[in-house]
Amino acid sequence: MSGTTVQEAPTRAARATVLGAAGLTIMSAALIAPSLPAMTGAFAGADVLVRLALTITSLAIAISAPISGAVADRLGRRPLLVGALALYAVAGTAGYFATGLGPLLVTRVLLGVAVGGLMTAVSALITDWFDGRRRATFLGMQQAAASLGGVVFLPLAGVLAAVDWRLPFWLYAAGALVLPFALRAVRGTPRTADRPAAGRVRNSGRIGRIYLLALVATLVFYMAPTQLPFLLAGFHLGPAVTGAVVACSTLTGAVGALAFPALRGRLAPRVLTAGSTALLGLGWVVIGIAGSAGPVVLGLLVGGVGVGLVVPDLNLRLAELAAPASRGRVLSGLVTGIFLGQFLSPLVAQPLIEVAGISGAFTWTGAALAAAACTAAALHRNERKS
């Protein structure tokens, strides 16, 4: 027996559960961003390791996501979703009890494994459930849910960090709230006989370019949670305000994601991707030239729209390129690209910061990204004319 079976339409409870799980993902590593200045004081002389507590989660996601993709294709989406939610709650909250940087970093690695599984399971379920316009719509809703998760959790993390830098770790208990619904509402997707023996992934060149774009865009975007707390500290803003400011990009990210289905129906994928990337770059230029918190917020709002558009667009393009039997593996590569960009962001930005300062780093990276996007759009226009 070969081919695919028809997936039964998901219930409202199943759809809501998947969107709830999506809300725990994109900004999960950044929940401790408002705590970074206080953590630096608590672990004196370990500034680099403190920042690593934020980014090592992203590295763990990037490394473990391909394994999650294989699990999703071989064992099914539901077991991966359930296991990832359980690990998310346990590993995330364990950071509160860590007595030193070593144990804390271990909990952050395990959290990364959980998030990689969550993102892969959610994207695979959505692309299994839907086709065509409905798939585009729900992928937009997935990104909107992920962005709204940041809108809710990042300001709350800032408020909690103002009381005690350890308190934001309790926000990861949200995974335990979603877990019962995943057990009850989400059914296993039917597996094909050839899925365990899925062969070579086709269109590998096009898929690789999509991964690279995701990595670069995320590398730039993640300067917000990793660098803005220190930039805003120079404006004499506390952790609570910092969390709210950083959340601005996730707020308009939800707006962009909800607008994605309509724009995807009107614009060519390359044009939409170039435009959204240019918006991210423009927003970062505004942040770089800002002299106060107000323009920083404006830049985050503009850049957030771009990110909200580009992520579901890349997800949809990969889903269209991947065969059902290898869809979990292909989509997990996007997770790797996104979170490898998160991990590399502070490492790549640091040399530029040492030369131009934090503001200058935002200006130059934003300008370079916007210029590259405009160049790509112009080349695409010339190709169409030819």
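User: Let's start with one residue. Why is D313 called buried?

Analyst: D313 has a relative accessibility of 0%. The cut-offs are under 20% relative accessible area for buried, over 50% for exposed, and partly exposed in between, using a 1.4 Å probe and protein chains only. Since 0% falls under the buried limit, D313 gets that label.

User: What should I know about the model itself?

Analyst: It's a predicted model, where local features need pLDDT of at least 70, side-chain atom pairs count only at pLDDT 80 or more, and totals for chains, interfaces and linings use all residues. Residues are numbered from 1 along each chain as its sequence is written, and side-chain values use heavy atoms, with hydrogens and water left out.

User: Back to D313. What makes R264 and D313 a salt bridge?

Analyst: The rule asks for a side-chain nitrogen of Lys or Arg within 4 Å of a carboxyl oxygen of Asp or Glu. Here the N to O distance is 3.3 Å, so the pair passes. R264 sits in helix α11 (residues 248-266) and D313 in helix α13 (residues 293-321), so the bridge ties together parts 49 residues apart in sequence. R264 is buried too, with a relative accessible area of 14%.

User: How do you know where a helix begins and ends?

Analyst: Helices are DSSP runs (H or I, at least four residues), strands are E runs of at least two, and both are numbered from the N terminus. On that basis the protein has 14 helices and 0 strands.

User: Which residues are linked in a network of salt bridges?

Analyst: D73, R77, D128, R327 and R329 are. One of the bridges is R77 with D73, whose closest N and O atoms are 3.0 Å apart. R77 and D73 are both buried. The count for the protein comes to 8 salt bridges.

User: Why is A13 called partly exposed?

Analyst: A13 has 41% relative accessibility, which lands between the buried and exposed limits. You'll find A13 in helix α1 (residues 12-22). A13 and A185 are 172 residues apart in sequence, yet 5.8 Å apart in space, C-alpha to C-alpha.

User: What makes T242 buried?

Analyst: Its relative accessible area is 5%, so T242 is under the limit. T242 lies in helix α10 (residues 239-246). Its C-alpha is 32 Å from that of P261, 19 residues away along the chain.

User: Which residues is T242 in contact with?

Analyst: Contact means heavy atoms within 4.5 Å. Leaving aside neighbours within four places in sequence, T242 is in contact with P229, L232 and L237.

User: Why is helix α9 described as mostly covered?

Analyst: In α9 (residues 223-233), 9 of the 11 residues are buried. Among them are M223, P229 and L232. M223 turns up again beside T365 of helix α14. T365 touches M223, W284 and L352, not counting residues up to four places away in sequence. T365 is buried at 18% relative accessibility.

User: How do you know whether the whole protein fits the compact globule rule?

Analyst: The radius of gyration is taken over C-alpha atoms, and the rule is 2.2 Å times the number of residues to the power 0.38. For 386 residues a compact globule would come out near 21 Å, and the protein has 20 Å, so the two agree. The C-alpha trace spans about 65 × 55 × 35 Å along its principal axes, and 55% of the 386 residues count as buried. Of the contacts with a separation of 6 or more, 86% involve residues 24 or more positions apart.
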